[in-house]
Amino acid sequence: MFSKHVKSELSAYCQGELSETRSRAVAEHVMRCTQCRAQLEEIKFGIKLAEQLPRVAAPEQMWSEIQSLMDREGIASSVTRRQSIFWRPQFVAIAACLLVAIVVGALWLLRDHSVEPTGPTWQVATLNGKPTIGSSAISKRGKLGVGQWLETDHNSSAEISVASIGQVQVDPNTRVRLVQTQPTEHRLELARGRMSARIWAPPRLFFVDTPSAVAADLGCAYTLEVDDTGASLLRVTLGWVALQLKDRESMVPAGAACQTRSGIGPGTPYFEDASAEFREALTELDFGQDTSSRATHLNVLLGQARRKDTLTLWHLLTRVNAEERLRIYEKMASLAPPPNGVTRDGVLKLDPAMLNKWKDELELDWTYSTFVPKQVAEAYWKVKNGVTRRMSKLEGK
Amino acid sequence: MEQRAVMAERLVDGQLIRACQHGDREAFRLLFETYKDRVFSIAVYSLGDRAVADDVTQQIFLKLFTAIGQFRGDSEFTTWLYRLVVNACLDERRRTRRLVSWGDSVAMNNPSEKKSQEKQYARREIAEAVQNAIGELKPKFRLPILLKYVEGLSYEEIATVMGCSKGTVASRLNRGHSELAKRLSHLKNEAAW
């Protein structure tokens with residue numbers, strides 16, 4: 001099923017040291033191979049660690065010590081007879097030019113610092129009205145620098161080009177900030193409002209911070225909404241998105257949605273075509289304050305669950321008490337029996353290997369759901385790879 | 001002094017090298033100011049002892065000034081310099097087989113950041129943990145990492161300095177990154193990132 005693993009090339013891939021063809025092949029492999037994806041995460045973390053190495057200043061007295069050694073060994077003792085290089089006319093001229101350039105540059109930066117951000121930027125195109133970057137309104141096009149906010153009012157909207165890996169549409173009444181853009185990580189913060197992202201890059205390269213969770217792109221298209229309380233709603237239209245807060249993670253496939261709440265993090269993902277009763281019961285189980293009615297909500301949820309709703313049930317397994325877990329397991333087993341090697345005891349004890357094995361089996365039901373027909377799901381990778389190739393060609397021109 | 005080094009970096013060209021080859025001590029000084037921190041950083045991280053790194057850095061510059069007449073400009077000056085540095089560090093390690101004590105001996109030159117003291121402290125802790133972990137790597141994995149992250153060299157430049165293929169550099173960096181991530185996996189959820 002897979003081409004040869006690409007683990008040995010991952011550092012070169014992250015640091016742009018591979019040829020265009022090889023880089024594309026690695027990206028395509030990583031999208032499909034869980035092993036290499038896990039290794040990519042490790043390499044990215046290793047790079048992040050290595051980037052923390054500061055340069056160390058040499059001791060101040062080192063030059064005088066070297067001079068003494070030079071004197072002792074007779075190196076460059078002729079300097080006094082020679083005119084120093086710094087007083088030659090050409091060096092004086094270069095130094096004067098540099099000084100003027102530095103002064104002019106400093107004055108220019110002080111005068112107009114807010115208009116042109118320094119460092120890497122993302123292109124922003126106005127779709128409607130007059131969005132603002134920092135305190136300045138942009139007309140047709142603008143640049144969003146690291147740390148800058150892009151804000152739309154009720155009449156305006158904009159589109160951001162996310163480096164060379166995708167696009168984000170920013171709807172009215174939205175506030176987003178560019179947190180970071182590096183070859184190994186691109187990150188936005190969505191403080192409020194709604195954005196839609198279309199990303200064509202290897203998994204976990206594009207992130208969106210919200211007040212109650214982080215959305216990690218796994219190769220997809222989605223919309224993300226944040227309200228004034230910091231709660232958010234994620235709706236995935238293509239591929240997968242992971243919502244995370246500390247150790248809590250929800251994997252959301254196309255056709256599914258997931259809510260988050262401040263102080264709690266991501267709730268449980270559900271398919272949007274599930275019944276209203278199912279969704280209400282899930283909201284109560286995820287975020288409800290009244291613990292006495294949990295059994296009633298679980299009854300409703302299990303009563304309404306279809307085979308593909310094992311997406312919700314599988315996530316719930318690790319988030320409920322032992323008694324509830326047993327009931328969920330039995331419902332799941334009746335809808336989609338566990339594969340060989342996955343036992344009732346193992347699941348009830350939350351054995352990670354068994355839970356993952358069952359999930360791998362169930363993913364076919366979640367991906368090839370009625371919302372995304374099987375043919376579309378199968379064609380997805382093909383289309384995505386085509387887009388990646390076309391983008392690479394365009395960038396190469 | 002730092003500003004002088006920045007200006008000097010722009011002035012390092014064939015003319016400066018020729019001035020050094022003619023024994024102009026001011027030119028030497030300029031060359032020293034330009035590269036002293038880079039050379040010292042590699043020596044400190046490579047040898048794990050500030051005092052030893054101090055000695056080795058002085059020896060490297062003495063050797064540079066003595067041998068600069070042999071530099072013909074066939075390769076980049078920096079490649080030639082880093083080759084001297086890498087060889088000197090490897091020779092020193094071979095000579096002493098030193099048991100390095102990291103952490104307490106390496107003082108950092110961290111630029112001041114407008115972050116809370118708590119966050120600065122956490123970042124310093126992380127930087128120290130990284131230095132310690134790098135000190136535990138085998139030299140063949142450590143040196144490419146230092147040339148990449150302290151000096152900002154490309155894979156091709158590292159390969160030239162180390163006298164190996166670009167593929168070997170890629171493979172050693174890959175292994176180095178992976179080792180660092182494994183040794184410091186407990187830092188993954190640090191708030192200071």
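This is a predicted model: local features need pLDDT of at least 70, side-chain atom pairs count only at pLDDT 80 or more; totals for chains, interfaces and linings use all residues.
**Entry 1**

I began with chain A, where I counted 12 helices and 16 strands. Of the 397 residues in chain A, 47% are buried. I also looked at contacts in chain A with a separation of 6 or more, and noted that residues 24 or more positions apart account for 48% of them.

Chain B has 9 helices and 0 strands, and so, reading from the N terminus, I wrote its elements down as α-α-α-α-α-α-α-α-α. Buried residues make up 51% of the 193 residues in chain B. When I took the contacts in chain B between residues at least 6 apart in sequence, 64% of them turned out to join residues at least 24 apart.

**Entry 2: helix H9 of chain B and its two partners**

For this entry I kept in mind that two packed helices are described by the angle between their axes and the distance between the axes.

How do helix H8 (residues 155-162) and helix H9 (residues 166-183) of chain B cross, and at what angle? I found that their axes come within 8 Å and cross at roughly 105°. Angles of 65 to 115 degrees count as roughly perpendicular, and therefore I recorded H8(B) and H9(B) as roughly perpendicular to each other. On the H8(B) side the contact is made by B:Tyr155, B:Glu156, B:Ile158, B:Ala159 and B:Met162, and on the H9(B) side by B:Lys166, B:Val169, B:Ala170, B:Arg172 and B:Leu173. Sorted by class, the residues of this contact of H8(B) with H9(B) are 7 nonpolar, no polar and 3 charged.

I then turned to helix H3 (residues 34-50) of chain A, which packs with H9(B) at an angle of about 85°, with the axes 7 Å apart. H3(A) and H9(B) are therefore roughly perpendicular to each other. From H3(A) I listed A:Gln39, A:Glu42, A:Ile43, A:Phe45, A:Gly46, A:Ile47, A:Leu49 and A:Ala50, and from H9(B) I listed B:Asn174, B:His177, B:Ser178, B:Leu180, B:Ala181 and B:Lys182. The contact of H3(A) with H9(B) has 7 nonpolar, 5 polar and 2 charged residues.

**Entry 3: aromatic rings**

A search of the whole structure gave me 11 aromatic pairs over all chains. The rings of B:Phe71 and B:Phe77 have centres 5.7 Å apart and planes at 85°, so I noted the pair as edge-to-face. Are B:Phe71 and B:Phe77 buried or exposed? Both B:Phe71 and B:Phe77 are buried, and for B:Phe77 I wrote down a relative accessibility of 8%.

B:Phe77 also pairs with B:Trp80, and this pair is tilted, with 6.1 Å from centre to centre and 40° between the planes. I checked where the two residues lie, and both are in helix H5 (residues 77-96) of chain B, 3 residues apart, which is about one turn of the helix. B:Trp80 counts as buried, at 17% relative accessibility.

I noted one aromatic cluster that is formed by residues from chain A and chain B, namely A:Trp63, B:Phe28, B:Phe32, B:Phe61 and B:Phe65.

I also looked for charges over rings in chain A. The charged end of A:Arg175 sits over the ring of A:Trp149, 4.0 Å from its centre, while A:Lys308 lies over the face of A:Phe271, at 4.7 Å from the ring centre.

**Entry 4: single residues**

In helix H5 of chain B I looked up B:Thr79, which counts as buried at 9% relative accessibility. Not counting residues up to four places away in sequence, B:Thr79 touches B:Thr160 and B:Val161.

B:Leu81 lies in helix H5 of chain B as well, and at 0% relative accessibility B:Leu81 counts as buried. Which residues is B:Leu81 in contact with, leaving aside its neighbours within four places in sequence? I found B:Tyr35, B:Val39 and B:Leu64. I also noted that B:Leu81 and B:Val161 are 80 residues apart in sequence and 8.7 Å apart in space, C-alpha to C-alpha.

Last, I went to A:Ser196, in strand S9 (residues 185-199) of chain A. A:Ser196 is buried, with a relative accessible area of 18%, because buried means under 20%. Apart from residues up to four places away in sequence, A:Ser196 touches A:Gln167, A:Val168, A:Gln169, A:Tyr222 and A:Thr223.

Definitions and conventions. Residues are numbered from 1 along each chain as its sequence is written. Chains are lettered from A and ligands numbered from 1 in the order in which they are written. Side-chain values use heavy atoms; hydrogens and water are left out. Axes are lines fitted to C-alpha atoms, for helices over the stretch in contact, and angles run from 0 to 180 degrees between N-to-C directions. Helices (H or I, at least four residues) and strands (E, at least two) are DSSP runs, numbered from the N terminus. Angles under 35 degrees count as roughly parallel, over 145 as roughly antiparallel, 65 to 115 as roughly perpendicular and the rest as oblique. Contact means heavy atoms within 4.5 Å. Ala, Val, Leu, Ile, Met, Phe, Trp, Tyr, Cys and Pro count as nonpolar, Asp, Glu, Lys and Arg as charged, and the others, Gly among them, as polar. Rings of Phe, Tyr and Trp (its six-membered ring) pair if their centres lie within 6.5 Å; planes under 30 degrees apart count as stacked, over 60 as edge-to-face and the rest as tilted. Buried means under 20% relative accessible area, exposed over 50%, partly exposed in between (1.4 Å probe, protein chains only). A charge sits over a ring if NZ of Lys or CZ of Arg is within 6 Å of the ring centre and within 35 degrees of the ring normal.
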